[in-house]
Structure formats: structure tokens, C-alpha cells
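Please look at the structure shown here before reading on.

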Amino acid sequence: MNKDQRSLLLSSSSRFPPPQGPHFSPSRIFPFLSTEFGFWFVNFEMLTPGVKLSYGTAGFRADASILQSTLYRVGILAAPRALKIQSVIGLMITASHNKVSDNGVKVADPSGGMLSQDWEPFADTLTNARDPQQLVHLIAEFVENEKIAVDGAKSVEILLARDTRSSGESLVEAAKQLFRCASLDGDADRLVYFIVPSRSSNKIELVDGDKILSLFAIFIKEQLSILSKEIDVNGNNDYQCRLGIVQTAYPNGASMDYLKQLGLEVTFTPTGVKYLHEKAAKYDIGIYFEANGHGTILFSEHYLRWLETRTTELADAFKGSEQHKAALRILAVSELINQAVGDALSGVLLVEVILKHMGWSIQRWNELYQDLPSRQLKASFLGHLSILWSVKVMDRTAVVTENAETVAAVTPPGIQEAIDAETGFSLLIAVKYPRGRCFIRPSGTEDVIRVYAEASTQNAADSLAKSVAKLVDQFLGFGSS
Ligand code: NG1
Ligand code: ZN
């Protein structure tokens, strides 16, 4: 097991602590999908002294209310099983003829029979692991003994089904918790991913357009650097590919810092894909994304012609070399991604391929950097501010911006100074909102003025957005006329 797999297991299993209490019957189950290993379901034990879960005649069964950690652990069991036999594993959430308040999980091998009996002791041990550390230790030991290569392993397929018990619905829902979920907008030109980290929380972790852009950028940069490595071929390796990243004012500050730190060339345009697209087309490879998931990768014709020639040269002289493979990968990306203004489906395919290539889970991807808390509000023309505040604005076109809208509200006079003062920029010593950034701009699609604020805490971002919304009201609301 590699480091990422261990840390994924530790963090995910700590979300599924074994149930506590004296009255549990000995089995419980709960699902979760790991992107590294496919579905992982595990049985968790009960920590009550003297009570031990065991793999019964047909898997684990218990009162449905205590099955979560168990099912999670049976999922973990299913993944190495599928790797071992190089085939699909089935998990059936059911307690068969038991009373309706019970539930359970059966593990089916591809033959259609139950889990091979020589794996039952492992199933028992795993379900009775005390804590996440012991769980990880047991898995590492087991896969080593069984010679199952999980590091860099191909993903496996686990089929999941349930009976009609009402508890099954929540167990299946729970199974999706660590799924990689993608969400497309109505006309499928925007794409974001998300994780539902905890069953008890109604929050999701958004993996937005900025992170998609970062993933694409890392991958392309890596392939370009492999391709540019010296190789003794009588060809033309002196072409310097210009890779450019294009963003608007909206990317999270953490993403801007991250891309800068990678040493990438980043430029900014006003909001709207027509501006981003135009700018990205000026590069050999231009990657653009809005935080809201609108974006793609553009390849210049000139660069693609060079790349094709170079690929042929490498194929002739160094077929299968890392440079040859990198060239083929970049070509494949140019064919996979739709270079039209927005095609979220091709975006999903590229994300999936890159994650697979890197061997990354969505968690690993999401950890590239941590977003700063942010808040977006809208001040409507004669309307109200969504979410927090109400502002009436006489005329949204009164707000004119510059610098790709990143900071400056040029008119009305004085408003930018007031925003800067609120953010703390004009104070030489004290910064009112640590890591604060705030700007306003008139929407191009709605009759509103958008207020965006970010800061080191959610409260600070909310408060900054609210204060600036008040300023918008003072300068542009009815009170100002
Ligand atoms: P406006 O209404 O100009 O903010 C919104 C999005 C843009 C873009 C367009 C086109 C934000 C803040 N704004 O523009 O990014 O996607 O719609 O659909 O997300
Ligand atoms: Zn759309």
C-alpha cells in the first residue's frame, strides 16, 4: 500500500467508527467507494467487551442501525478480493429472511457463490479491528501475505445491490459517500466534482473548476517536461511549447497561489468564456477554466503539427521511450478534450483518465491545495441581495471595472478606495481580513452587481462580503440618489 492509500484509509475509516453500546448483535456493515481500489466495504466490530462480529453463513447481519462501519469494512475486503481474482465482486445489502429492522451484506465471488471460505477469517479480523490504525495494519499485512499488489493497481469493479428494506436505501446512499461524483449543468458545458465526506453532514466538498484546471495543468506540464528531455534522435527537439493558464477574477486565492508556485504562466481575463477562450487560443497549449466549471484545453494547429512530426520521429528511433509515450499522451489529450467552448462530458473523461494515470483518488486531487473560504452575493437592480444582504442598485452599469475585473471598480468614484479600506489594503500595518480579497463587478448575464469576498475564515469572508455589499448600497443604492 502506498502513502496515499494509507492516508485515505485512515481518514475514511475514522469517519466510520464502530458502534458503541452494550446491546449490539454481532455484525454490522457499511459501504464506501475508494477511487483507488474500487468499492471498499468493510465490517466494523463492536467494541463492547466480549462481543465479536463474525462472518456467518451468509455474510454479516445485524440490526440495520449499527451497520455502517461494518459495511464500510466489507467494501475494503471486496477490493483486494477483486484484485486477487482479477474479476468483478458483488455485494448484496440484505438480511434475507431476517426481520425487517435487520440488514447485512453478502459478498459474492464471480462464480456466483459466496466469498471463498479461506477469506472468511480475514473478513472476521477486519471487522473486528479496534481502530483505523489497526485496520490499515491488517490490510497491509494481508495483501502482502496474499501477494496482492494494491499500489498502482488497476481499479476494480464491485457491483452493489440491495433488497427492498428501507434501511438499504440509506446504506446504499452511505456507500456513495466517498464516491467521486461529477455534476454537469443543464446544457452540459460546465463540470464540477464533489465528495460527500460524511453521512451526518449535509455538506459536500466541492472540487471546482479551479481544481480541474490545476489537475489538467499538472498533467500537461509533466508530459511536456518529459517530452523535452534530451534524447538522441536526429529530429527537432528545440521547440519550446508555450503553455498558458487563463483564469478570471473568480478563482479562489489558494488556486492562484498554487498555480504560481508551480511556475506556470497565468493570465487573467474578464469573466465569461468568450474572453478566456480567446486568450487561451494565443498559446500552443492554453488551459482555461472558470471556478464554476466552464473550460477546456486548446491546442494550436502549429503545435499539433510539430507534435505529430515529433511523435513519428520518436516512434521511428525510440519507440516506447518515455518521451515517445509523453508525446502520445499529449496527442491523446488533444483528441479527447473537446476544444469547443464547453463540453463537460469530454472534461469528465479527461479528469478520469488523468486520475487513473496518476493513481490518485479524488481526495488526493482535492488536497492539492485548500480553498480559502469565500462568499458571493448579488446586489440586484431594484432587487435584493441573495443570501445575506439586501441592496437596491439604481444602475448596475454604473460599476465599471478594469484589470480583468480582478480588483478595480473604476466608477463610481471612491468605491474602490472604500472597498480597499474595508478589506484592509489601505492600512499599512493592520490587515482587517487576513488573506482578504474582495471585488465587485456588474454581471453580464443578470441585472445584478456581484460581490465576491474571500478571507482566511468563513466568518471573515461573509463579513467582508456583507460590508462591501453595504458600500454598494451607499454608492449605488437608492440612499445615494
Ligand atoms: P456573470 O453573470 O457575468 O457573473 C456568469 C458566471 C460566468 C459565466 C457566465 C456565462 C460567475 C461569477 N459568473 O456570468 O462565470 O459562466 O455566467 O454563463 O460564475
Ligand atoms: Zn451551461
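## The ligand site

In this predicted model, the space taken by ligand 1 is the largest pocket. The shell around ligand 1 holds 1 nonpolar, 7 polar and 4 charged residues. Its members are Arg190, Tyr250, Thr271, Glu290, Asn292, His294, Gln376, Arg441, Ser443, Gly444, Thr445 and Arg450.

Ligand 1 lies between domain 2 (209-366) and domain 3 (387-480), because both domains give residues to its shell.

| Residue | Protein atom | Distance to an oxygen atom of ligand 1 |
|---|---|---|
| Arg441 | polar side-chain atom | 2.7 Å |
| Gly444 | backbone N or O atom | 2.6 Å |
| Thr445 | side-chain N or O atom | 2.4 Å |

Taken alone, ligand 1 exposes 430 Å², and the protein buries 80% of that area.

Key:
Residues numbered from 1 in each chain as written. Chains lettered and ligands numbered in written order. Predicted model: local features only at pLDDT ≥ 70, side-chain atom pairs only at ≥ 80, totals over all residues. Heavy atoms only, no water. Near = heavy atom within 4 Å. Polar contact = N/O pair within 3.5 Å; in protein donor to acceptor, adjacent residues only side chain to side chain. Areas by Shrake-Rupley, 256 points an atom, 1.4 Å probe, with all protein chains shown as cover. 1 Å grid on protein atoms, 1.4 Å probe; cavity = no way out; pocket = protein on both sides within 12 Å on 5 of 7 lines; lining within 4 Å. Sits in = over half its atoms within 2 Å of the grid points. Nonpolar A, V, L, I, M, F, W, Y, C, P; charged D, E, K, R; others polar. Domains from an automatic or database assignment.
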